[in-house]
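We will take a few features in turn and learn how each one is read.

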Amino acid sequence: MFQDPEGFLLLGSIILFFSIIAGKAGYRFELPALLLFLGVGMLFGSDGLKLVNFSNFPLTQFIGMLALTIILFSGGMDTKYFEVKPIMGQGVILATVGVLATTFITGGFIYWICNYVLSYDMITFPLALLMAAVMSSTDSASVFSILRSKGVCLKQRLRPTLELESGSNDPMAYMLTLLLISYIQMGGMNLGEAALSFLLQLSIGAAGGYLLGKLSVFIINHIDIDNESLYPILLLATAFFIFAFVTICKGNGYLAIYIAGLVLGNGKIVHKKKYCYIF
């Protein structure tokens, strides 16, 4: 709608204002803030007032990647290791076997609905599995936001289990999606190569997140910056570096950044309260 910078700033400030009001309303009425933010986006987007016509998919993916990196890193920093340690096995099983089971159950349901209820036989079983794999992993942004909002009280170890699962299930969903795309395009797949790639993603992501997290603790404690307000910026730069470096090394960056946040959040670092306030 607006072609000049002033117009973009005006519209952006209005949308930001409505988002803050939506967040305040969600906090007061105990509604998920993400749902309200989605409503604000639909109101100003092509489904509502049509004030914003945004269709830049690469930029959208980049912004989403940055946001998810910060969310997972923040979630890892806020997670206490003594809460996660007893349920490590359950969380890993949910993040792997659980995602696989969800893909097959949901994919089977999609295939049955399309072929036997709607008589829409263009949806093959591999295509139905692909549709299910894309949405098989838990949205970590929603999980962390809902579980850490006021009024949410879960018994026993359910909260850390859900947080661990949501922060570590992306590698499985990612690999399932790639495998199914390869199968649909080429009509087959090499299960040995697929399993090796999956194990490499998990191992490099986990090891990279842990080692780089430990290195980050050492650097932050010994860099000795005079201006204390620069430490949160240093931590943010560290988070982005860990994600990008592990991803370039063929590991899963999202798993790495969650583990790095877990290491940093449970480690002894200077000005820790400043980081908790920022993130």
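**Reading contacts and burial**

A: Ser 216 touches Thr 238, Ile 242 and Leu 264, if residues up to four places away in sequence are not counted. Keep in mind as we go on that this is a predicted model.

Q: Where does Ser 216 sit, and is Ser 216 buried or exposed?

A: Ser 216 lies in helix H10, which covers residues 191-222. A residue is called buried when its relative accessible area is under 20%, and Ser 216, with 6%, is therefore buried.

Q: Which residues are in contact with Thr 69, leaving aside its neighbours within four places in sequence?

A: Thr 69 belongs to helix H3, residues 57-78, and with a relative accessible area of 1% Thr 69 is buried. Once those sequence neighbours are left aside, Thr 69 is in contact with Ala 239, Phe 240, Phe 243, Tyr 254 and Ile 257.

Q: How many residues does helix H12 have, and what distance does H12 reach from its first C-alpha to its last?

A: The general idea is to compare the reach of a helix with the span expected at 1.5 Å a residue. Helix H12, residues 253-266, has 14 residues and reaches 20 Å, which is close to the expected 20 Å. At the start of H12, a side-chain oxygen of Asn 252 comes to within 3.2 Å of the backbone nitrogen of Tyr 254.

Q: Why can H12 be described as largely enclosed by the rest of the structure?

A: Twelve of the 14 residues of H12 are buried, so the helix is largely enclosed. Among these buried residues are Tyr 258, Leu 262 and Val 263, together with Gly 253 and Gly 265.

Q: What covers the buried residues of H6, and which residues are they?

A: To read how a helix is covered, we list its buried residues, which in H6 are Ala 128, Leu 129, Leu 130, Ala 132 and Ala 133. Their cover includes H5 and helix H9, residues 170-186. Met 131 is also found in H6, but at 37% relative accessibility Met 131 counts as partly exposed. The C-alpha atom of Met 131 is separated by 10.0 Å from that of Tyr 111, and the two residues are 20 residues apart along the chain.

Q: Which residues form a nonpolar patch on the surface?

A: The patch is formed by Phe 109, Trp 112, Tyr 116, Val 117, Leu 118, Tyr 120 and Met 122, which together have about 830 Å² of accessible area. One of them, Leu 118, is placed in the loop between helix H5 (88-117) and helix H6 (125-134), and Leu 118 is exposed, with a relative accessible area of 56%.

Technical notes: Residues numbered from 1 in each chain as written. Predicted model: local features only at pLDDT ≥ 70, side-chain atom pairs only at ≥ 80, totals over all residues. Heavy atoms only, no water. Helix = DSSP H or I, 4+ residues; strand = E, 2+ residues; numbered from the N terminus. Expected span 1.5 Å × (residues − 1). Buried < 20%, exposed > 50% of the residue type's maximum accessible area, 1.4 Å probe, protein only. Polar contact = N/O pair within 3.5 Å; in protein donor to acceptor, adjacent residues only side chain to side chain. Patch = residues over 30% accessible without salt bridge, like charges linked within 9 Å, V, L, I, M, F, W, Y side chains within 5 Å. Areas by Shrake-Rupley, 256 points an atom, 1.4 Å probe, with all protein chains shown as cover. Salt bridge = Lys/Arg side-chain N within 4 Å of Asp/Glu carboxyl O. Contact = heavy atoms within 4.5 Å.
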